[in-house]
Amino acid sequence: MKNILFNNGLPKSVEDGKAALKNLNGNHIQKVIILFGPPGAGKGTQSELLAQKFYFYNLDTSRVLEEKFKNAKPGETIEINGKKYLVSDEIEKRRKGTLCSVEFTAFLMNKRMAEIHSLGKSLILSGSPRSRAEAEIEIPFLEKFYGKENINIFFLDLPQEQTIFRNSNRRICELMHHSILYIPENVGLKRCPLDGSRLIHRDLDNVETIKSRLEEYEQTVAPLEEFYTSEKFSIKKVNADHYVEDVFDGILKELGPSFKVYEI
Ligand code: ADP
């Protein structure tokens with residue numbers, strides 16, 4: 001093999017440096033991690049940890065929608081498979097708290113995923129696809145770009161009573177909206193340990209709202225699982241009823257040694 005490093009370990013050129021980095025971090029094969037599971041299972045928490053560890057792009061559906069809405073021109077429509085979607089209708093759905101049209105959401109997601117792929121990045125999805133209908137549009141698209149063998153799907157398993165417990169006790173900080181874990185050590189905490197702002201409990205984090213989110217989830221999860229299975233994906237199940245770091249370890253073990261990190 002060509003020696004691309006000087007004796008001091010530094011690469012001989014920019015190109016050699018890039019090649020060395022690719023060899024070292026093993027991430028030259030672009031990959032996808034998809035997390036799904038009940039509300040409160042820790043998808044958001046774990047996706048942030050994974051993104052930091054592997055330098056993956058953490059793609060957030062809400063952000064993709066918000067960006068579109070923010071820049072929408074009056075009366076703007078998007079044509080998808082011959083059907084026109086009025087952006088203002090989608091904005092209204094979101095304002096009312098209902099889900100945006102599947103085709104509309106999946107169209108924007110696919111567009112963004114193609115951009116991320118073209119930048120050479122790997123990807124994490126934790127809020128999408130949310131239903132079988134959405135998966136039927138997004139997954140074939142992801143397969144085309146990343147290859148089926150590079151798509152890793154995780155189910156974060158959490159008993160229903162824990163979902164309700166975690167969500168209804170959820171506190172976030174006022175300033176940067178950090179989520180505070182509801183663990184015995186944090187119960188008496190009044191201020192965010194990261195930015196010092198006050199901790200608040202949001203009205204929407206109440207038992208009734210969580211139960212209705214759970215009902216919606218129960219209706220969508222089985223068809224989503226069926227879709228992944230019918231498409232011959234193996235779903236890796238991780239017990240999410242542990243401390244964050246233990247759940248993270250569980251995911252890392254499943255990902256295996258091909259997921260390497262270039263640690264400086
Ligand atoms: P999801 O994205 O699946 O809805 P989040 O990552 O937003 O879940 O976490 C929901 C709530 O549960 C947050 O308040 C978070 O701090 C807390 N949480 C996440 N993982 C754990 C865990 N392993 N143990 C205890 N609380 C957790």
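Which residues surrounding the ligand are the closest? The ligand is surrounded by 15 residues, and the closest are Gly-40, Lys-43, Gly-44, Thr-45 and His-242; a residue counts as near a molecule if one of its heavy atoms lies within 4 Å of it. The structure is a predicted model, in which local features need pLDDT of at least 70 and side-chain atom pairs count only at pLDDT 80 or more, while totals for chains, interfaces and linings use all residues. Residues are numbered from 1 along each chain as its sequence is written, and side-chain values use heavy atoms, with hydrogens and water left out.

The shell around the ligand consists of six nonpolar, six polar and three charged residues. In this division Ala, Val, Leu, Ile, Met, Phe, Trp, Tyr, Cys and Pro are nonpolar, Asp, Glu, Lys and Arg are charged, and the others, Gly among them, are polar. Helix H2 (residues 43–54) contributes the largest share of the shell, three residues. Helices (H or I, at least four residues) and strands (E, at least two) are DSSP runs numbered from the N terminus.

A backbone N or O atom of Gly-44 is placed 2.9 Å from a ligand oxygen atom. For Arg-166, an N or O atom of the side chain is 3.4 Å from a nitrogen atom of the ligand. A polar side-chain atom of Arg-170 lies 3.4 Å from an oxygen atom of the ligand. Of the 560 Å² of accessible area that the ligand has on its own, the protein covers 89%; accessible areas come from the Shrake-Rupley method with a 1.4 Å probe, and for residues only the protein chains shown count as cover.

Backbone geometry was examined next. Ser-128 and Pro-129 are joined by a cis peptide bond with omega of about -10°, and Pro-129 sits in the loop between strand S5 (123–125) and helix H6 (132–146). Tyr-55, although not a glycine, has a positive phi of about 60°. Tyr-55 belongs to the loop between H2 and strand S2 (57–59) and is partly exposed, at a relative accessible area of 48%. A positive phi of about 60° is also found at His-177, likewise not a glycine, in the loop between strand S7 (171–173) and S8. His-177 is exposed, with a relative accessible area of 52%. Buried denotes under 20% relative accessible area, exposed over 50%, and partly exposed the range in between (1.4 Å probe, protein chains only).

Tyr-182 lies in the loop between strand S8 (179–180) and strand S9 (199–200) and is partly exposed, with a relative accessible area of 35%.

Note on methods:
Polar contact = N/O pair within 3.5 Å; in protein donor to acceptor, adjacent residues only side chain to side chain.
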